[in-house]
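Here's a quick briefing to read alongside the model. Have the sequence handy as you go through the points.

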Amino acid sequence: MSAACIGIIGSIGLVVLILLGIPVAFAMLAVGLLGFSCVVSTGAGLNILAQDVFSSFSSYSLTVVPMFMIMGTISFASGASGRLFDSANKFFGHHRGGLSTATIGTCAAFAAMCGSANAASAALGKVALPEMEKYNYSPVLSSGCVACGGTLGVLIPPSTVFIIYGILTGTSIGKLFISGIVPGLLLTFLFMVVVYLLCLWDPEMGPAAQKVSWRERMASLGGIIEMLTLFILVMGGLFAGIFTPTEAGGVGAMGALIIALFRRQLTFSGFRIAVKETVQITCMMFTIIAGATVFGHFIAVTRIPIELSEALISMDLPRSVIMMLIILIYFIGGCFLDILALILLTVPIFFPVIVSLGFDPIWFGVIIVVISQIGAITPPVGICVYVIHGVKPDIPLKTIFKGCVPFLAAMIVCVGLLIIFPGLATFLPNLM
């Protein structure tokens, strides 16, 4: 049996294991070890396993993960999501759909601290859904905007998905972070436009909340200014080259801790939970990266990426057509696989093709992250939808999925704009 056939069988086996519920990290480790052993030898397979696991867990560049994770968990534990929503609510809540608009804006702001779609959805679900229910918002609109707003956590920096993509491809994590700012703000704006159009079509979907004085609005800005200052400090230092991504994460973590202590809203119990969650997420991420590295070496030794690249180029198709085919594969795959699983499985295969066709690796990273967001709100996976259902069990899954449909259109528009105007993703990184 040829190495390519073994690679194809291994890839199919990996998808089957993931669909059966086997953790992504262990599925990749197992398939990578067995596949590499079959193509080369058992001894070589065991050597590559030990080498990849050790290099992954001892990598300095990966220390960026716990730094940004502790920044997000401390911010959540100190009530940052509630303060952000309260401020946004006071400014937008008195308009039709204002609470939904405030929720999306808060999701974007909280995404700049946590880097996780699940965390953003859970945090805002607990804060915003009861408030929207109080003002008789349609469950379709309220649940849909929280689920879709949460997906901004994988696009607006710091993003764990960008970290994984950067490590897999050797692309600058700092530039990937910066590349997500403009597309993230663009998608946030498109989500807000969707809310406005829905409430214009049916005003009963999002009744206006109580209007507050300008004095109260300005007083509420304290919860935003400190977090905005922290974001500017971290991303500004990264953009200016003052910090490496790891150093930026360290500054962000220390800044979040100082803000929490200054506000006296971080209890010892909350700090302990924040540290525990950080350790759990970090261990999960490190194990996933180790598994992806082993699997990547298996795919590389089968020569599938090289043969695929040569086959696509030999077809003499316009490179735009090839890119659209790859985007279609990501779009379909995102409906069945978790974001990290999809990227870990496909990037080692498609990235060499992208490079050989002359596409910008940073632009491609942003494209697949936005497309992967679509998978977080579409069945059967739709992880953000299940998070919202877990926070608010009385809202049926069918209702939440229905609420996500208009926002799905906004994501597709965002992908289209990024394809037509690639500078939206590459402009800021090119200035670094």
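Ile12 sits in helix H1, and this residue is also part of a nonpolar patch on the surface. Keep in mind that the model is predicted. Beyond the patch, there's a helix pair and a salt bridge to look at.

**The surface patch**
- Alongside Ile12, the nonpolar patch takes in Ile8, Val16, Leu20, Ile22 and Phe26, and together the six have about 590 Å² of accessible area.
- Helix H1, which covers residues 3-19, is the biggest giver here, with three residues in the patch.

**H18 against H19**
- Helix H18 (residues 339-356) and helix H19 (residues 361-375) have axes that come within 11 Å and cross at roughly 150°.
- The crossing of H18 past H19 is right-handed.
- On the H18 side, the residues in contact are Ile339, Leu342, Ile343, Val347, Phe351 and Ile354; H19 answers with Pro361, Phe364, Ile368, Ser372 and Gln373.
- Sorted by class, that contact comes out at nine nonpolar residues, two polar ones and no charged ones.

**The salt bridge**
- Which side chains meet in a salt bridge? They're those of Glu133 and Lys392, at 2.8 Å from N to O.
- Glu133 belongs to helix H7 (residues 117-134), while Lys392 is in the loop between helix H20 (383-391) and helix H21 (397-420), so the pair ties together parts that lie 259 residues apart in sequence.

Terms used. Residues are numbered from 1 along each chain as its sequence is written. This is a predicted model: local features need pLDDT of at least 70, side-chain atom pairs count only at pLDDT 80 or more; totals for chains, interfaces and linings use all residues. Side-chain values use heavy atoms; hydrogens and water are left out. Axes are lines fitted to C-alpha atoms, for helices over the stretch in contact, and angles run from 0 to 180 degrees between N-to-C directions. Helices (H or I, at least four residues) and strands (E, at least two) are DSSP runs, numbered from the N terminus. A crossing is left-handed if the near helix is turned anticlockwise from the far one by less than a right angle, and right-handed if clockwise. Contact means heavy atoms within 4.5 Å. Ala, Val, Leu, Ile, Met, Phe, Trp, Tyr, Cys and Pro count as nonpolar, Asp, Glu, Lys and Arg as charged, and the others, Gly among them, as polar. Patches are made of residues with over 30% relative accessible area and no salt bridge: like charges are joined within 9 Å, nonpolar side chains (Val, Leu, Ile, Met, Phe, Trp, Tyr) within 5 Å. Accessible areas come from the Shrake-Rupley method with a 1.4 Å probe; for residues, only the protein chains shown count as cover. A salt bridge is a side-chain nitrogen of Lys or Arg within 4 Å of a carboxyl oxygen of Asp or Glu.
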